[in-house]
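This report describes how parts of one protein chain are held against each other. Please look at the sequence and the structure first, and then read on.

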Amino acid sequence: MPYKLLFVCLGNICRSPSAENIMNHLIAQANLSESILCDSAGTSSYHIGSPPDRRMSAAATTKLGIQLRGRARQFQKSDFQEFDVILAMDQENYENILSLDRSQQFDHKVHLMCDFCSRYTLKEVPDPYYGGSEGFHEVIDLLVDACEGLLEYITSQKTRT
Ligand code: 4NP
């Protein structure tokens, strides 16, 4: 059974699709595409069906040479069962996700993305939507750091079980 990761932000057009695509890039480089699957979602319904934000895609292409794939969807309760680990981009996303799990039985699956950073000390992935291009570039750098830490965490966990 593949291990399944879900990245969650507010709109699912900037931060979480970047995290999903960066993680897929690292997973492919590590030859683990068969065993780790990624998806992303937004806590809001604002952009359902939209492709990733152009400014975010431009930053991903400039910094990493990758294309951002996917269409926005909203986080749903069934995701708690579907995924092994759920990564929230900021504190508000984290709380909104947990508020959908009244029974608290899936609490242990939900983490803050920045908890996996090793170089950055930021606690949240800043929302770049209303800012300039610098913010989008920073999101990419921060997510590379977090995704590297996350991949290390998952692979070390899998070899222990
Ligand atoms: P994301 O960015 O949560 O990283 O996808 C945002 C996208 C849209 C909005 C806010 C943040 N919005 O308010 O429409």
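At 11% relative accessibility, Asp53 counts as buried; here buried means under 20% relative accessible area, exposed over 50%, and partly exposed in between (1.4 Å probe, protein chains only). The model is predicted, so local features need pLDDT of at least 70 and side-chain atom pairs count only at pLDDT 80 or more, while totals for chains, interfaces and linings use all residues. Residues are numbered from 1 along each chain as its sequence is written, and side-chain values use heavy atoms, with hydrogens and water left out.

Asp53 forms a salt bridge with Arg55, at 2.8 Å from N to O. A salt bridge is a side-chain nitrogen of Lys or Arg within 4 Å of a carboxyl oxygen of Asp or Glu. Arg55 is partly exposed, with a relative accessible area of 36%. Asp53 also caps the N-terminal end of helix 2, where a side-chain oxygen lies 2.8 Å from the backbone nitrogen of Arg55.

## Other salt bridges

Side chains of opposite charge can pair when their charged atoms come close. The count comes to eight salt bridges by this rule. In one of them, the closest N and O atoms of Lys4 and Glu82 are 2.5 Å apart. Lys4 lies in strand 1 (residues 3-9) and Glu82 in helix 3 (residues 79-82), so the pair ties together parts that are 78 residues apart in sequence. Helices (H or I, at least four residues) and strands (E, at least two) are DSSP runs, numbered from the N terminus. Glu82 is partly exposed, at 43% relative accessibility.

Asp39 and Arg73 form a further salt bridge, at 3.0 Å from N to O. This pair links distant parts of the chain, 34 residues apart: Asp39 is in strand 2 (residues 36-42), and Arg73 is in the loop between helix 2 (54-64) and helix 3. Asp39 is partly exposed at 24%, and Arg73 is partly exposed at 21%. Salt bridges with shared partners join Asp39, Arg73 and Asp79 into one network.

## The nonpolar cores

A nonpolar core is a set of buried Ala, Val, Leu, Ile, Met, Phe, Trp, Tyr and Cys residues joined through side-chain atoms within 4.5 Å. The largest one has 38 residues, of which Leu5, Phe7, Met23, Met89, Met113 and Leu150 touch the most other members. Strand 1, helix 1 (15-29), strand 2, helix 2, strand 3 (85-88) and helix 5 (133-160) each give two or more residues to this core. Its largest share, eleven residues, comes from helix 5.

Which residues does Met23 touch, not counting residues up to four places away in sequence? They are Leu5, Phe7, Cys38, Cys147, Leu150, Leu151 and Ile154, where contact means heavy atoms within 4.5 Å. Another core, of twelve residues, lies apart from the largest one and includes Phe83, Ala88, Ile97 and Phe106.

Among the buried residues are Arg15, Glu20, Met23 and Ile27. Just after helix 1, Asn31 takes a positive phi of about 60°.

In helix 2, the residues Met56, Ser57, Ala59 and Ala60 are buried. Seen down the axis of helix 2, its buried residues fall within an arc of 160°, so they line one face of the helix; the arc is that of the directions from the helix axis to the C-beta atoms. Arg54 and Thr62, on the other side of helix 2, are exposed.

Technical notes:
Polar contact = N/O pair within 3.5 Å; in protein donor to acceptor, adjacent residues only side chain to side chain.
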